[in-house]
Amino acid sequence: MKKVLYWFRTDLRLHDSPALKAALDLKPAELYPTWCWDPHYVYEARVGPNRWQFLYALSQAPRCRVDIDERSKYFCRTDSMRTLSENITKVNPKSKLLVVRGPPTTVLPALFKQWGITDIVWEKDDDPYTADRDAQVTSLADSAGVKVHIVLGHTLYDSADVISKGKGCPTSYQTFVKLVSSLPAPPLPIPAPTSLPSPGNTDFKLDRKDHSVKQWQEKDLNKESRESGKTERDKSYESFSGPKDDFAVPTMEELGMVATTSIRGGETDALKVLEEFLEDKKRVATFRKPQTSPAAWEPAATTVLSPHMKFGTLSVRTFYHRVMEINKEFKGHSQPPESLIGQLLWREFFHANQAATPNFGCIRGNPTSRFIKWNLQTRYDENGKELPRDEMEAIWKREEPEAWEHFLAWKEGKTGFPWIDALMRQLKVNGWLHHLGRHSVACFLTRGQLYISWERGAEVFDERLIDWDPAINSGNWMWLSASAFFHQYYRVYSPVTYGQKYDKTGALVRQFVPELAKLPDKYVYEPWKAPVADQKKAGCVLGKDYPKRIVDEKKAKEAAITGLKAAYAAKLHVLDGTATAYVEEFEPKPVVPQKRTAPAKRKAPAIGEDKKKTKQPKLEF
C-alpha cells in the first residue's frame with residue numbers, strides 16, 4: 001500500500017502542479033500534504049514581516065495596514081499557506097496542509113517512520129541551500145527505504161538541461177534566449193486535482209528537548225523585525241505540531257512580527273489578479289516593461305505577480321501559456337527582453353546562472369562577479385571564513401564610519417534624495433518595488449554614488465522583498481552594480497531627474513516621504529533648491545524635518561566611475577587576500593615630479609586572472 005508524503009515548498013497551489021500530479025499518479029492509499037517550517041529561514045536567512053505574512057496568514061487580531069483599498073481588505077484574512085490548506089480541504093474535507101515545525105532533516109525521517117511513508121515527492125529547486133538540504137533528505141529517505149521523486153515545476157526549463165545544452169550557462173541574455181528556444185517548449189499546464197486521498201494516522205511524537213532549535217536561534221538575523229527586537233518574543237518552535245497539536249499554519253503572533261504590506265498571498269488571489277490583468281489583451285500583447293512607470297503605485301504599472309511566482313501560488317507555466325495565447329492574436333506583439341514573456345525568461349536566465357555558478361550569492365569565490373574595491377566589503381578571517389555579523393559591523397563602524405552611516409541612511413530612506421528615499425521607504429512598507437525603482441536604489445548604493453558593496457544591498461532586499469528569490473536577487477545586484485552581465489558602468493541613474501521623468505508632481509515621493517508633501521512640484525525632487533522661506537512654509541526645513549543630502553551626487557559619481565575604471569582595468573573575477581592591493585595599482589596616483597623610468601610590470605595575484613583569457617583555478621574557500 002502506497003503512503004505518499006507530498007512535501008510542499010515553493011509550490012503552494014493545486015493548479016498546474018506537476019509534482020503533485022506525480023504524487024497522485026503513484027495511486028496512493030494515503031496522501032500526506034506536508035510543509036516543514038525550517039528554522040533556517042526563521043533565523044539564519046533574512047526574512048522580514050511582509051514576506052512572512054504573504055507566506056503564512058494574518059494574526060487573529062490584524063494590525064497590518066489593511067486600509068489601503070477595498071481589495072486588500074477583502075483578502076486580509078488569508079495568505080498562501082492557509083489558502084492552500086483551505087483549498088485542500090475543499091477537495092477532501094478529511095485533509096489539510098500538515099505543518100511540521102523543525103528542520104526537514106530531523107522531522108521528515110521521523111515522519112517516514114511514524115506514518116509508514118513509502119514515497120516522498122517534491123518540486124525541484126536549485127538554490128544552494130535547498131540543493132544541499134534536499135541531498136541530505138534524499139540520503140535519509142534512501143536509508144529509510146523511502147522512494148524519492150523530484151519533479152520540475154518551479155521554472156519553465158530545467159537549469160540542468162540548459163547547462164548541458166549550452167555546455168555551461170550563457171552570461172548574455174540574448175544568447176540565453178536563443179539557447180532555450182532550441183529546447184522543447186514548456187508543457188501545457190494541467191488542471192487542479194478534483195480528488196485527493198485522505199491522510200492516514202497523523203500521530204506524531206518527537207521530544208523537543210532532543211531536537212532543540214537553539215543553534216539556529218542564536219544566529220537570529222531577524223530579531224530586529226520582532227516586537228521588542230528580541231528572539232525570545234518568537235514562539236515558533238515550542239512544539240513540533242503547533243500550539244494545539246493540530247499541524248496548524250503558523251501565525252504572525254508566533255513569529256513576534258507585525259506586517260505593513262497591502263500585498264496579499266494565496267493561490268485564490270493569484271489567479272484572480274492574473275485574470276484581471278489578462279482582461280486587457282492589447283496591454284498584455286504590447287507590454288514593454290521599460291515603458292512602465294516606477295512612480296506608479298495603487299495601482300502599480302506592472303502585474304505585481306512576482307511574489308506569487310516566488311512562492312508558487314501561481315504556476316509559471318500557466319502565466320506563460322496564457323500570455324502566449326494572447327500574443328498569437330497580435331502580429332506586432334512585444335518581444336523579449338521587454339515583453340511579459342521576456343520577464344519570465346529573465347527569471348530563467350538567473351536561475352540557470354545560479355545553478356551553473358559556485359558562490360553565486362556573494363563575491364568571494366564567484367567566478368562571474370568582477371572584483372571591485374567597494375566600501376563595506378564582506379570580511380573574512382585568515383582561513384577564509386566569513387566573520388560573524390556583529391564582528392563585521394564593528395569593523396565597518398571603526399574603519400569605514402562614513403560609508404557605514406551612508407549605508408544606514410540608504411537603508412532607512414534618509415539620504416536627502418527624495419526619489420531614493422521614497423523608494424526605500426516603499427520597499428520597507430510594502431515589500432515590493434517596480435524593477436526600475438530597484439534599478440535606481442541599487443545603482444545609487446553601488447556604482448552610482450555611494451560605492452558600497454552590492455552584497456550589502458542584496459542583504460536588505462533579502463529581508464524586505466516579498467518576491468525575494470536568491471537567483472534573481474543576486475543576479476540583479478551583480479548586474480546593476482556592473483559586477484557581472486552588464487558592463488557599461490558609466491551609465492548611471494540620476495537620483496534626481498530619473499523620478500521626474502515619470503512623475504513631475506512627485507506623487508510617490510509625497511506618499512512615502514510625507515515630510516515633503518507640501519513642497520511645490522519644482523522642489524519635491526530637489527528640496528535643497530527651495531529657499532528657506534519656502535521650506536518653512538511647507539513645514540520641511542532641511543537638516544531639521546528632512547535630512548540634507550549625504551553626498552554631492554555629481555562628485556560622488558565621478559569618484560565611483562574612477563574606482564570602477566580601475567577595477568575593470570585590473571580584470572579580477574575571483575578574489576583572494578591580495579585582490580584589493582592589486583586593484584589599487586590601477587587607481588590614479590597623485591602627480592609627483594620624478595625622473596622617467598621604465599614602467600614596472602604589474603603582477604596579478606595568483607587567484608584572479610581574467611576568466612575570459614585564463615582558465616580559472618579551482619577555488620577553495
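The model is predicted. Helix α9, residues 173–180, packs against helix α16, residues 340–356, and its axis also crosses that of helix α8, residues 159–166. The largest nonpolar core holds 154 residues, and another core, of 21 residues, lies apart from it.

**Helix α9 with α16**

- The two helices pack at an angle of about 95°, and their axes are 10 Å apart.
- Angles of 65 to 115 degrees count as roughly perpendicular, so α9 is roughly perpendicular to α16.
- From α9, the residues Y173, F176, V177 and V180 meet G342, L345, W346, E348, F349 and A352 of α16.
- By class, this contact of α9 with α16 comprises eight nonpolar residues, one polar and one charged.

**Helix α8 with α9**

- The axes of α8 and α9 cross at roughly 100° and come within 10 Å.
- V162, K165 and G166 on the α8 side make the contact with F176, L179 and V180 of α9.
- Four nonpolar, one polar and one charged residues form the contact of α8 with α9.

**Nonpolar cores**

- Within the largest core, W35, W37, W52, Y56, M81, F319 and W410 touch the most other members.
- Helix α16 gives the most to this core, with eight residues.
- Leaving aside residues up to four places away in sequence, W52 touches W37, Y41, V42, V47, M252, L255 and M257.
- The separate core of 21 residues includes W7, V100, V107 and V146.

Terms used
Residues numbered from 1 in each chain as written. Predicted model: local features only at pLDDT ≥ 70, side-chain atom pairs only at ≥ 80, totals over all residues. Heavy atoms only, no water. Axes fitted to C-alpha atoms, helices over the stretch in contact; angles between N-to-C directions. Helix = DSSP H or I, 4+ residues; strand = E, 2+ residues; numbered from the N terminus. Parallel < 35°, antiparallel > 145°, perpendicular 65-115°, else oblique. Contact = heavy atoms within 4.5 Å. Nonpolar A, V, L, I, M, F, W, Y, C, P; charged D, E, K, R; others polar. Core = buried A, V, L, I, M, F, W, Y, C linked by side-chain atoms within 4.5 Å. Buried < 20%, exposed > 50% of the residue type's maximum accessible area, 1.4 Å probe, protein only.
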